[in-house]
Amino acid sequence: MTYRVALRFIPGGPAVTGDWADPATAERTWRAHIGIYGNHPTALITLTQQRPDGDGQTLAAWTRDGGEQRAQLSGA
């Protein structure tokens, strides 16, 4: 699995992304992005799990107005 952190300032627009094999590293990076960019009024910061088939599942997302949102994972 690959874990991707994405930062967008325009919904559906271009994103700055990074991919990590280690989920803990991706989580730390996601939180660091929140600390740096989280107060921007239009920032959307997401953490997704990317599967080898190309599909992805959003694990967590952050917006200034909505705060932290976590996905309900099946089997949890």
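Which residue in E3 is the bridge partner of Leu 7? In this predicted model, the partner is Ile 45. Local features were taken at pLDDT of at least 70 and side-chain atom pairs only at pLDDT 80 or more, while totals for chains, interfaces and linings use all residues. Residues are numbered from 1 along each chain as its sequence is written, and side-chain values rest on heavy atoms, with hydrogens and water left out.

Five strands, in the order E2-E1-E3-E4-E5, make up an open sheet with antiparallel pairing. Strands here are DSSP runs of E with at least two residues, helices are runs of H or I with at least four, and both are numbered from the N terminus; two strands count as paired if DSSP finds at least two bridges between them. Strand E1 (residues 2-8) is joined to strand E3 (residues 44-50) by 7 bridges in the antiparallel sense.

Strand E3 also holds Thr 46. With a relative accessibility of 15%, Thr 46 counts as buried, where buried means under 20% relative accessible area, exposed over 50%, and partly exposed in between (1.4 Å probe, protein chains only). Leaving aside residues up to four places away in sequence, Thr 46 touches Arg 4, Val 5, Ala 6, Trp 30, Ala 60 and Ala 61; contact means heavy atoms within 4.5 Å.

One of these contacts, Arg 4, leads on to the charged pairs. The structure holds 6 salt bridges, each defined as a side-chain nitrogen of Lys or Arg within 4 Å of a carboxyl oxygen of Asp or Glu. Arg 4 forms one with Asp 19, and their closest N and O atoms are 2.6 Å apart. This pair links distant parts of the chain, with Arg 4 in strand E1 and Asp 19 in strand E2, 15 residues apart. Arg 4 is partly exposed at 29% relative accessibility, and Asp 19 is partly exposed at 40%.

A further salt bridge connects Glu 27 with Arg 70, again with the closest N and O atoms 2.6 Å apart. Because Glu 27 lies in helix H1 (residues 23-37) and Arg 70 in strand E5, the pair ties together parts that are 43 residues apart in sequence. Glu 27 has a relative accessible area of 21% and is partly exposed; Arg 70, at 40%, is partly exposed. The side chain of Arg 70 also meets that of Glu 68 in a salt bridge (2.9 Å, N to O), and Glu 68 is partly exposed at 34% relative accessibility. Through shared partners, salt bridges join Glu 27, Arg 31, Glu 68 and Arg 70 into one network.

Turning to the loop between E1 and E2, Phe 9 is found there and counts as partly exposed at 32% relative accessibility.
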